[in-house]
Amino acid sequence: MTTLNLKALLPAMSMAVVLTTTAIAQDIPNIPSEVTLFKNVMVFDGVNDGLNDVDVLVVKNKIHKIAEGIPESGTWEVQVQTGGSKRLPDPVGGIDGYSFTIQTERGIETKEVEVNVIDGGGRTLMPGLIDSHVHVNMYKDGTIPGLQDTTWEEIGARSAAFAQEMLAMGFTTVRDMCGAHGGLRAVIDEGSLPGPRIYSSGACLSQTGGHGDWGIAGQRKNESNLERLEITRLVDGPAEVLHGARRNFALGANYLKIMVSGGVTSIKDPIYQSAFTDAEIAAAVEVAGDMDSYVAMHVFMDSDLSRALDLGVKVVDHGLTITEPTMQKLVEKGAFFSPNLTALAPEALEHPMHQDPTFPPTAKFLWLRKNSEQLFDLVRKYKPKMVFDSDYVLLTGVPYRQSMDFTKAFMAREFGNLWALQMMTSNGGELAALTGRGNPYPEGKLGVIEEGAYADILIVDGNPLEDITAIGAVDTWFDAEPRGQDVPSIRVIMKDGKFYKNTLN
Ligand SMILES: [Zn+2]
């Protein structure tokens with residue numbers, strides 16, 4: 001078993017820009033400096049069933065052109081502002097590589113660039129994966145009280161390890177659901193750390209004694225370590241919700257997460273707890289609306305789910321006891337459903353955490369399983385907008401990888417490969433865009449292979465529409481063969497137009 005270091009895979013393909021004029025590169029805005037042409041690939045676009053035999057041209061960090069037989073050299077006029085392009089007649093004698101004519105303040109200038117041609121060998125090219133419920137700050141074995149005994153330094157380093165782990169699994173975008181603000185995103189986006197794009201909720205907002213109240217017995221509000229680190233925030237009353245929500249956005253959050261009923265892993269809150277008053281929920285919705293974004297909720301109880309939808313919450317995380325009328329409402333309102341369904345898999349009973357029946361979370365977990373037997377049928381009947389959502393906490397290394405690989409397989413087992421893949425790609429991209437004008441990645445779509453979308457791309461062995469193991473899925477959980485960080489069937493990982501892995505050839 002080997003563990004691949006993503007940094008060692010990074011060197012990849014930084015493309016030299018060959019200037020054909022005497023202009024200095026820094027003087028000219030937006031010169032395409034990296035051009036990659038994927039040929040001999042079958043494309044799954046993240047939305048439609050079936051694969052298309054087309055080439056994909058990436059310029060800088062966007063998918064620039066998708067067509068049959070894109071030439072390996074030629075002259076293209078690039079509209080830098082819009083990303084559009086038009087092929088120009090080849091100059092006499094032709095050129096080796098691509099040249100781009102660019103409108104600058106000094107007029108039209110022509111640049112030649114080398115093209116990095118990738119022969120996919122007939123494999124599947126598809127969007128990078130999106131996990132819409134992760135916890136970057138909780139990549140540590142143990143229990144939530146254990147997180148109270150840690151430092152910002154350890155949490156930061158663990159977040160970095162988590163980011164590399166996720167990217168190595170093919171996840172080019174993740175949505176953090178408690179505690180990430182803008183810091184990890186900034187480090188990754190500046191290129192200092194390999195990792196996925198990060199959407200972040202900021203500190204999760206919980207009432208005292210709610211699912212986000214992780215202080216040990218005797219600690220008061222603002223006294224616990226995870227509150228000081230602003231991973232969770234206790235807010236009681238609309239005024240505190242307003243302040244906490246606004247502070248989250250000020251620290252770099254892209255949306256809000258509120259705890260609207262009790263949870264499994266937390267100790268103080270019974271699962272049936274109805275959390276936050278309507279006025280408190282409305283305060284969070286108002287702040288998110290002011291930022292052109294949305295509120296997501298942790299919820300298990302149907303009645304709380306229903307009232308929060310009425311108050312304008314747009315994303316339902318968990319929601320396992322949902323009833324048919326509430327599912328109808330959820331679909332009518334166009335809300336997203338992120339239910340973390342592996343909690344209901346038969347294999348979940350083998351989870352190491354749930355082997356001790358006296359452990360309080362185990363009792364809650366078993367109660368939930370018993371009260372959510374209707375869920376799969378409701379999902380199949382109403383087809384809500386679902387996203388892929390792993391939600392593993394307090395798990396690292398091999399058991400974490402086994403859980404992630406199983407989650408990919410379980411969603412395909414229950415809902416078919418196409419829908420599972422849509423959850424992991426285009427649906428996740430649609431949810432990411434719900435962050436509105438505060439979207440940290442506003443220039444293109446995520447989770448799709450289409451012109452103008454961000455160049456977040458995988459090439460995998462085989463066709464995942466027919467065989468989900470192509471993306472590293474494994475249909476057993478804790479019995480699965482342990483693996484290192486690398487997923488061998490994922491041969492190419494490109495994010496934002498840069499290669500992080502290429503094991504073709
Ligand atoms: Zn979670």
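Student: Which residues are exposed on the other side of α11?
Tutor: Asp 377 and Lys 381. Exposed means over 50% relative accessible area, buried under 20%, partly exposed in between (1.4 Å probe, protein chains only). Helices here are DSSP runs of H or I with at least four residues, strands are E runs of at least two, and both are numbered from the N terminus.

Student: What kind of model is this, and how are residues numbered?
Tutor: The model is predicted: local features need pLDDT of at least 70, side-chain atom pairs count only at pLDDT 80 or more, and totals for chains, interfaces and linings use all residues. Numbering runs from 1 along each chain as its sequence is written, and side-chain values use heavy atoms, with hydrogens and water left out.

Student: Back to α11. Which of its residues are buried?
Tutor: Leu 375, Phe 376, Leu 378, Val 379 and Tyr 382, in a helix that spans residues 375–382. Down the axis of α11, the buried residues fall within an arc of 165°, so they line one face of the helix. The arc is taken over directions from the helix axis to the C-beta atoms.

Student: Take α9 and α11. At what angle do they pack?
Tutor: About 35°, with the axes 11 Å apart. Axes are lines fitted to C-alpha atoms, for helices over the stretch in contact, and angles run from 0 to 180 degrees between N-to-C directions. The crossing of α9 and α11 is right-handed. Right-handed means the near helix is turned clockwise from the far one by less than a right angle, left-handed anticlockwise.

Student: Which residues meet there, α9 to α11?
Tutor: Glu 324, Met 327, Gln 328 and Val 331 in α9 meet Leu 378, Val 379, Lys 381 and Tyr 382 in α11. The contact divides into five nonpolar, one polar and two charged residues. Ala, Val, Leu, Ile, Met, Phe, Trp, Tyr, Cys and Pro count as nonpolar, Asp, Glu, Lys and Arg as charged, the others, Gly among them, as polar.

Student: How do α12 and α13 pack?
Tutor: At about 135°, with axes 7 Å apart. They are therefore oblique to each other. Under 35 degrees counts as roughly parallel, over 145 as roughly antiparallel, 65 to 115 as roughly perpendicular, and the rest as oblique. The α12 and α13 crossing is right-handed.

Student: Which residues of α12 and α13 meet?
Tutor: From α12, Lys 408, Met 411, Ala 412 and Phe 415; from α13, Asn 417, Trp 419, Ala 420, Met 423 and Met 424. That contact has seven nonpolar, one polar and one charged residues.

Student: New pair: α6 and α7. Which way do they run relative to each other, roughly parallel or roughly antiparallel?
Tutor: Roughly parallel. Helix α6 (residues 238–250) packs on helix α7 (residues 278–290) at about 30°, with axes 8 Å apart. Pro 238, Val 241, Leu 242, Ala 245, Arg 246 and Phe 249 in α6 meet Ala 279, Glu 280, Ala 283, Ala 284, Val 287 and Ala 288 in α7. By class, this α6 and α7 contact has 10 nonpolar, no polar and two charged residues.

Student: Where is Phe 276?
Tutor: In the loop between β18 (256–259) and α7. Phe 276 has a positive phi of about 70°, although it is not a glycine. Most residues other than glycine have a negative phi. Phe 276 counts as buried, at 5% relative accessibility.

Student: What about phi of His 318?
Tutor: Positive too, near 80°. His 318 lies in strand β20 (residues 315–318). His 318 is buried, with a relative accessible area of 7%.

Student: His 133: buried or exposed?
Tutor: Buried, at 1% relative accessible area. His 133 lies in strand β13 (residues 129–134). Leaving out residues up to four places away in sequence, the contacts of His 133 include Arg 175, Lys 257, Asp 317, His 318 and Asp 389.

Student: Last one. How many helices and strands does the protein have?
Tutor: 14 helices and 25 strands. Buried residues make up 59% of the 505 residues.

How values were computed. Contact = heavy atoms within 4.5 Å.
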